[in-house]
Amino acid sequence: MLKELARAKINLTLDILGVRADGYHEVSMIMQTIELADEVELEKISGGISLAMDATKIQGGENIPTDERNLAWKAAIEFQKFCGKNFGVAIRLTKKIPAAAGLAGGSADAAAVIRGMNRLYETRLTEKELCEIGARVGSDVPFCIIGGTCLAEGRGATLTRLTPIKNFSVVLAKPDGEISTAWAYKTYDENPAKTHPPNEKIIKQLARGDYDAAFKNFFNALEDVALKKIPAIADCKKKMLAAGAKVALMSGSGSTVFALTDNNLIAEKIAASIENAQVFITKTF
Ligand code: ATP
């Protein structure tokens, strides 16, 4: 039996540049791995795939499928196809990352299965090959395979590693209500944002450790869309900033809002200031 951690991500920025010929949106996002993680256990079986999941610790866990629609299952299928072998695997997921929350919980599980099967079957695939398999499962999966701090472009699967940002506390607030990524992008297309994050500038600011300047430029183009459906997002941001957060922003297509601080006591103060939302304190990874 082998264990992998499936770490969640937050979007420090999210920009949408248009719709591509293949129907995906052209994006430019600065992504950051965080310590909050699902646990993934993998065991060899004679063939095929089986999946057991404990999602009792997260809200809405009962809505996550445990069959071939689960992204962990899809990842195992794509791994087998890529290798041309019936590498049997029993997957056990313990969910800790809230679902449909903008934290890439499903993509993180898929990435952990791909990394884990490479170890389990000693297939020695390169990181590039693992990312190629991941991209067949979902646009965020390659980033979840690589992790750290990255610029994600194209449909999200073209990655450039950035200078890792230092050890910040991350407070997550997940207000009630789920936002599907498909709905968010469709609604965005009807009313595109007029503001765009200056990603090139932010990358330079992060590289020289000028975090205060970088934080001021963080922006998520989907935030306005999500706010229309879940107004509590604005309330969370306001409370986080009032409690001392250096920055507070929605992640991905929402509805999770994150706050960053380099002070553990302020992180606790931020967490305590939030009402009517699930709260997690974690760290950048
Ligand atoms: P993103 O930031 O990539 O949009 P998200 O956090 O908004 O991700 P996920 O948690 O990845 O969204 O889940 C989105 C959908 O995927 C849900 O409808 C969920 O039922 C489905 N899903 C499939 N497999 C999984 C999994 N292993 N864990 C969580 N959700 C999964």
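Asn 217 lies in helix H7, where helices (H or I, at least four residues) and strands (E, at least two) are DSSP runs, numbered from the N terminus. The model is a predicted one, in which local features need pLDDT of at least 70 and side-chain atom pairs count only at pLDDT 80 or more, while totals for chains, interfaces and linings use all residues. Residues are numbered from 1 along each chain as its sequence is written, and side-chain values use heavy atoms, with hydrogens and water left out.

Leaving aside neighbours within four places in sequence, Asn 217 is in contact (heavy atoms within 4.5 Å) with Pro 197, Pro 198, Lys 201, Ile 202 and Gln 205. With one of these, Gln 205, the side chain of Asn 217 also forms a polar contact of 3.1 Å; the term stands for a pair of N or O atoms within 3.5 Å, of which, within protein, one must be able to donate a hydrogen and the other to accept it, and residues adjacent in sequence count only if both atoms are side-chain atoms. The C-alpha atom of Asn 217 is separated by 34 Å from that of Gly 61, which is 156 residues apart from Asn 217 along the chain.

Helix H7, residues 211–217, also holds Phe 215. Phe 215 counts as buried because its relative accessibility is 3%, given that buried means under 20% relative accessible area, exposed over 50%, and partly exposed in between (1.4 Å probe, protein chains only). Not counting residues up to four places away in sequence, Phe 215 touches Phe 168, Lys 246, Val 247 and Leu 260. Its C-alpha atom and that of Thr 13 are 202 residues apart along the chain, yet separated by 9.7 Å.

The protein is divided into domain 1 (2–161) and domain 2 (169–283), with bounds that come from an automatic or database domain assignment. The centres of domain 1 and domain 2, taken over C-alpha atoms, are separated by 22 Å, and 27 residues of domain 1 are in contact with 34 residues of domain 2.

Both domains take part in the largest pocket, whose lining draws at least three residues from each of them. A pocket is found on a 1 Å grid over the protein atoms alone: a cavity is a set of points where a 1.4 Å probe fits but cannot get out, whereas a pocket is an open set with protein on both sides within 12 Å along at least five of seven lines, and lining residues have an atom within 4 Å of a point. The largest pocket has a volume of about 1,100 Å³, a volume being the space filled by probe spheres set on the points, with grid points joined across faces, edges and corners. It is lined by 45 residues, of which Leu 71, Ala 104, Ser 107, Asp 140 and Thr 181 are the closest to its centre. Strand E1 (2–19), strand E2 (25–44), helix H1 (71–83), helix H2 (105–120) and helix H5 (181–190) each supply at least two residues of this lining, and the largest share, four residues, comes from H2. By type, the lining of the largest pocket divides into 20 nonpolar, 17 polar and eight charged residues, where Ala, Val, Leu, Ile, Met, Phe, Trp, Tyr, Cys and Pro count as nonpolar, Asp, Glu, Lys and Arg as charged, and the others, Gly among them, as polar.

The second largest pocket holds about 150 Å³ of space. Its lining includes Tyr 188, Asn 191, Phe 219 and Asp 224, and helix H8, residues 223–229, gives the most to it, with three residues.

Strand E2 also contains His 25, which is buried, with a relative accessible area of 13%. The side chains of His 25 and Asp 189 are joined by a polar contact of 2.9 Å, and, not counting residues up to four places away in sequence, His 25 touches Asp 189 along with others, including Ile 16, Gly 154 and Tyr 185.

Leaving aside neighbours within four places in sequence, Glu 78 is in contact with Ile 133, Arg 136 and Val 137. Ile 133 and Val 137 are among the buried residues of helix H3 (residues 127–137), and the buried residues of H3 pack against H1, H2 and helix H4 (141–146).
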